[in-house]
Amino acid sequence: MGLNLINWKTQIRKGYLELCILTLICAHERLYGFDILERLKAFALDMKEGTLYPLLNRMTMDGTLSAVWETDNVKGHPRKFYSLTTQGAKILAEMQDEFKKMAAIFKQIEK
Amino acid sequence: MGTTNRLEAYLSRMEKLLGPISPSEKAEIIMEIKSHVMDAQAQDQSQSIDSVLKSLGEPEFVANRYLLERGLKPKKFPKHPILKWLVIGFLGTFGIIVFFVSFVIWKFTPLVKVDKDNKHISILGGTIDVHGDFDKNFEESLDDFNIAIHSARVGEDEKLVKGLAVLGPEVTQLAVHFSHGKLEVKNSGTRELSWDCVINKDAKEPSSTQEGPLYTFDARPSVGSNCELSIPAELKMLLEGQNGKIEIHEPHNAIDASLENGKISFKPDGAVDYRFNTSVKMGATDDFTSSSNPQAYPINLSLLRGKIGND
């Protein structure tokens, strides 16, 4: 049962984290990878760096996000900024709806 | 390894592991990871590069995540690659040993055969033959044993004939004759002439005679002989055969060699000068470089049909 719980947590976190990432990007219009990680940490949503970047890469390739390289004149090195595409905004809206439904159902089951 | 080197090594490894992804996409991925590392170090300058890279994960892990997210098959990496190569090395060596032992057993069966009635022990399929009185005490009987060690080139219908002669200072010429077979001649570095001939079991053995300054080794009665001769330096040599092969290795002698049919091979000693005169009636001859040194050894090689080679 211990192993199943870990597996369940992994599975549920996967979908939940994607939702949180897209929500964060939507809220701030555009964010770069390291910034996303720091903001997730602030909400106690630790994510392995080596998992985030491949995920952002996939979401860019499937059209959920768009990415632009920018070089900050102060900090110096280039960063890749992500923002939601129109398609991404629709996907996010659906995900948020689904999540709210699931939360409501769970509340009713709990009663 | 400095910070930059460690980071470059990490990124280089990761780039290799991204395999099927296009070069431009790989370049972007590497740039983004590098940007992350710089942000991490800028945020906490006390953090070491190793700590940042550890937080990212092994290059294999990160590369595989990129591949998985694209629906590509991630590479499998052995947990202990060194162990894998050690096992392969051990199995390979073991395999070679097994092959070698199997070959020896097959080639030299029976390994040991004792024939008490005829007082004969045959070892390694007859390669070593021991004849003698086995009942005697070992130290007493050692001299009584005749041990014949057969060369691997001795076939079932053949026998090995060995001989040795110490040539006195009066001997200045050596003549070697054979009819059919092979004659191999090399320098003994001493005044000893020795021979090692494989001849037919029923054939007459070669003979050797001396007449004044001329020493003659005659293998003509041993038709089909295969003789290896070690000859003293400075003797004038006459080598004569009908059919087969004459091989001359790095001589320090004047030589007149003639053969009717076959091949004469001459391998020179790089430290010695020779003056060549080669003649082939029907066939070919390789190039030989003659020296203008008047002290050079004259080498006359004559062949009716065949080839004179410098290998």
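**Figure 1. Polar contacts across the interface of chain A and chain B.** In this predicted model, twelve residue pairs, with both partners at pLDDT 80 or more, are found in polar contact across the interface of chain A and chain B. On the side of chain A that touches chain B, the elements that give two or more residues are α2 (33-42), α3 (49-61) and β3 (78-84) of chain A. The largest share of that side comes from α3(A), which gives nine residues. Sorted by class, the side of chain A that touches chain B holds ten nonpolar, four polar and six charged residues.

**Figure 2. The extent of the interface between chain A and chain B.** The size of an interface is often given as the accessible area lost when the parts come together. Here the area buried between chain A and chain B is about 2,000 Å², and carbon and sulfur atoms give 58% of this area. Within chain A, the residues that lose the most area to chain B are Phe34(A), Tyr53(A) and Trp69(A), which together make up 29% of what that side buries. Counted by residues in contact, the interface brings 20 residues of chain A against 22 residues of chain B.

**Figure 3. Salt bridges between the two chains.** Three salt bridges are found across the interface of chain A and chain B, while the count over all chains comes to 22. A close-up of Arg79(A) and Asp39(B) shows their side chains meeting in a salt bridge, with a distance of 2.8 Å from N to O. A network of salt bridges can also be followed through the residues Glu18(A), Arg58(A), Asp62(A), Arg65(B) and Glu69(B), which are linked to one another in this way.

**Figure 4. The open sheet of chain A.** Three strands of chain A form an open sheet in the order β1-β3-β2, and their pairing is antiparallel. The strands β1 (31-32) and β2 (65-71) of chain A stand at the edges and have a single partner strand each, so one side of each is left without a neighbour in the sheet. The antiparallel pairing of β1(A) with β3(A) runs over two bridges, and Leu31(A) can be seen opposite Tyr82(A), which belongs to β3(A).

**Figure 5. A salt bridge between two helices of chain B.** The side chains of Glu60(B) and Arg13(B) meet in a salt bridge, with 2.8 Å from N to O. Because Glu60(B) lies in helix α4 (residues 59-69) of chain B and Arg13(B) in helix α1 (residues 3-17) of chain B, the pair ties together parts that are 47 residues apart in sequence. Glu60(B) counts as buried at 18% relative accessibility, whereas Arg13(B), with a relative accessible area of 36%, is partly exposed.

Figure 6. Lys182(B) is partly exposed, having a relative accessible area of 26%. Glu247(B) counts as buried, with 13% relative accessibility.

Definitions and conventions. Residues are numbered from 1 along each chain as its sequence is written. Chains are lettered from A and ligands numbered from 1 in the order in which they are written. This is a predicted model: local features need pLDDT of at least 70, side-chain atom pairs count only at pLDDT 80 or more; totals for chains, interfaces and linings use all residues. Side-chain values use heavy atoms; hydrogens and water are left out. Contact means heavy atoms within 4.5 Å. Buried area is the accessible area (1.4 Å probe) that two parts lose on being put together, summed over both. A salt bridge is a side-chain nitrogen of Lys or Arg within 4 Å of a carboxyl oxygen of Asp or Glu. A polar contact is a pair of N or O atoms within 3.5 Å; within protein, one must be able to donate a hydrogen and the other to accept it, and residues adjacent in sequence count only if both atoms are side-chain atoms. Helices (H or I, at least four residues) and strands (E, at least two) are DSSP runs, numbered from the N terminus. Ala, Val, Leu, Ile, Met, Phe, Trp, Tyr, Cys and Pro count as nonpolar, Asp, Glu, Lys and Arg as charged, and the others, Gly among them, as polar. Two strands pair if DSSP finds at least two bridges between them. Buried means under 20% relative accessible area, exposed over 50%, partly exposed in between (1.4 Å probe, protein chains only).
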